[in-house]
Amino acid sequence: MHRLSVVTRVENLAEGIKSYWLALDSDLNAEPGQFIMVWIPGVGEIPIAVAYEENKKLRLVIARRGKTSNYIHENLVKGDRVFIRGPYGNGYIYSNVRRALLVGGGYGASSLLFLASKLVNRGGKATVILGFRNKSKVILVKDFTEIGADVIVCTDDGSYGIKGLASEVAEEIMDDFDAVYTCGPEIMMTKVVHYALSKGRSVQASLERIIKCASGVCGSCVLEPQGLLVCRDGPVFDGEILIKTEDFGRYWLDKTGRRIDISRLKN
Amino acid sequence: MAKLEVTVAGIKLRNPLILASGILGITSGLMVRVERAGAGGIVTKTITKKPREGYDNPVFLELDVGYINAMGLPNPGADYFAEELRKLENFHIPIIASIGGSTPEEFTYVANKLKIPLVKGFEINASCPHVSKHGVEILSDRKLLSEIVSSVKSVSNNSPVFVKLSAMINDVVKLGEIALESGADGLVAINTIRAMAIDIWAKKPVLSNIYGGLSGPAVKYVAQRVIYELYNVFPDKPLIGVGGIEKWQDVVEFILAGASAVQLGSVIAKKGLTVFNEIIRGVKMYMEQEGFRNIEEMRGLAHRT
């Protein structure tokens with residue numbers, strides 16, 4: 001059954017992206033990279049990465065993607081109830097990492113924010129490269145700075161920060177880091193994983209697929225040919241595994257279980 | 001040495017643990033994983049003539065006593081799935097194709113498409129509790145059940161045909177009899193039981209479909225009773241037990257009740273795929289301790305007076 005939580009704060013982060021702070025009855029003890037299922041009764045249930053959790057306070061960053069996230073954006077305000085289950089999946093592995101490079105794209109920055117805070121709290125150093133389409137899409141820069149991460153922002157059109165792709169900037173500076181983490185559009189993550197492995201750096205990426213059961217039984221989120229389940233084996237996978245995964249950067253399963261080209265996904 | 005191999009309606013299994021329908025049996029990669037995890041066989045997700053998206057989330061709910069799901073039989077359709085199965089190479093465990101539909105024509109369409117060498121048998125899903133006209137309605141219409149079974153049997157090229165029964169029907173033995181008289185080679189019991197869950201703070205049913213199927217420990221003793229009843233009447237017919245099996249003791253109970261083999265489903269949500277080997281070790285240990293040489297020697301022993 002779901003847990004009850006209450007919205008304590010809503011922030012507009014950028015066009016089509018909001019942040020929600022939820023008050024919980026008890027800690028989830030989520031790890032960075034894990035996700036929860038958010039149920040809005042009568043509307044739907046969607047998987048959302050944990051952007052932060054501390055002292056029964058949970059932060060989620062939700063982008064407008066479909067029916068349920070649109071409803072949340074249009075209707076959810078302070079005091080409203082949100083029903084959640086989880087946390088699910090395997091998060092980022094970060095023990096013993098001293099100098100980490102985090103590469104985020106779009107709302108993928110949210111799970112990296114939680115990771116950066118854990119890394120910094122453990123005395124590690126986190127450098128974050130965030131990529132966005134343009135200035136109107138930029139999110140979480142202040143949040144990363146406040147927790148003590150170094151932040152580099154890139155936009156496709158140069159309207160904020162460096163003009164260029166986060167993956168390219170990451171390639172240039174990757175030699176200075178022990179480990180690389182990435183979350184965002186899969187095309188970007190594919191590049192980051194390839195660059196990192198070619199430079200002999202360990203790399204982990206967090207993937208998104210259609211999640212139904214979230215418990216590793218229905219198979220809706222599978223990656224082929226290994227039969228990896230994003231909800232249970234992931235959503236964070238090691239780059240060495242992903243480069244052997246045909247689906248990584250190429251295919252999704254649609255709701256029926258048919259493989260479709262990743263370019264057919266609407267963002 | 002205790003032998004775990006068992007033959008069910010002519011299908012040779014390396015052990016009596018079969019992956020239940022609806023769980024992971026949807027892509028070739030997942031089937032390879034299940035084989036490597038130690039399963040004796042695999043039942044595919046229920047495949048229908050046309051692709052189905054299934055229901056909107058929430059479709060799955062964890063309870064203290066098990067699970068409720070209303071996935072809505074999502075599947076890519078028979079044509080696509082036949083191609084998916086053809087990707088399997090060096091695959092050794094038998095695949096049983098679960099077929100769904102609402103008319104004999106839909107069932108035979110799927111059976112014909114999935115008549116490929118790796119598919120060693122068919123399981124007629126006549127008992128899904130949450131998709132209209134695709135489930136228990138079939139069991140309630142004895143003529144339709146009989147037509148579906150005989151038409152699938154007529155196109156199955158002598159592959160065994162199983163009928164998956166539901167404990168939601170009172171006289172499950174009578175239905176088993178109809179299925180067997182119509183040409184079914186064996187029976188599978190039980191499917192999930194229609195159920196619902198209400199959230200007290202939302203004051204609403206949780207599943208988008210309202211109704212779903214209850215599985216897991218909550219249904220184990222019902223499933224065991226159905227297998228016991230079926231074995232009472234059909235001791236010579238292959239019977240496959242399914243419902244809430246989580247540990248080796250459960251498997252032994254079902255075999256003592258009369259099952260020739262069992263299926264594992266919901267437990268994978270709790271324990272993951274390593275559960276196959278964990279249970280196999282336990283069953284083997286029990287058989288050696290109790291002096292059973294094979295599964296057949298244990299089968300139905302709880303009926304002995």
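The model is predicted, so local features need pLDDT of at least 70 and side-chain atom pairs count only at pLDDT 80 or more, while totals for chains, interfaces and linings use all residues. Residues are numbered from 1 along each chain as its sequence is written, and chains are lettered from A and ligands numbered from 1 in the order in which they are written.

Let me begin with the two chains. Their contact takes 27 residues from chain A and 35 residues from chain B, where two residues are in contact if their C-beta atoms, placed from the backbone, lie within 7 Å. On the chain A side, the elements that give two or more residues are β4 (44-54) and β6 (81-88), and β4(A) provides the largest share, 3 residues. Helices (H or I, at least four residues) and strands (E, at least two) are DSSP runs, numbered from the N terminus. By class, this side of chain A has 11 nonpolar, 10 polar and 6 charged residues; here Ala, Val, Leu, Ile, Met, Phe, Trp, Tyr, Cys and Pro count as nonpolar, Asp, Glu, Lys and Arg as charged, and the others, Gly among them, as polar.

Now to the domains, whose bounds come from an automatic or database domain assignment. Chain A is divided into domain 1 (3-88), domain 2 (92-206) and domain 3 (208-267). In chain A, 12 residues of domain 1 are in contact with 15 residues of domain 2, and β4(A) gives the most to the domain 1 side, with 4 residues. That side of domain 1 has 10 nonpolar, 1 polar and 1 charged residues.

Turning to chain B, helix α8 (residues 248-257) has 8 of its 10 residues buried, a residue being buried if 20 or more other C-beta atoms lie within 10 Å of its own, exposed if 12 or fewer, and partly exposed in between, with C-beta atoms placed from the backbone. Among the buried residues of α8(B) are B:Trp248, B:Phe254 and B:Ile255, and the elements that the buried residues pack against include α7 (220-233) and α10 (275-290) of chain B. After α8(B) comes B:Gly258, whose phi is positive, near 130°.

Finally, consider A:Ala116, which is found in helix α2 (residues 109-121) of chain A. A:Ala116 counts as buried because it has 30 C-beta neighbours inside 10 Å. Leaving aside residues up to four places away in sequence, A:Ala116 touches A:Leu102, A:Ala126, A:Val128, A:Phe144, A:Ile147 and A:Ala149.
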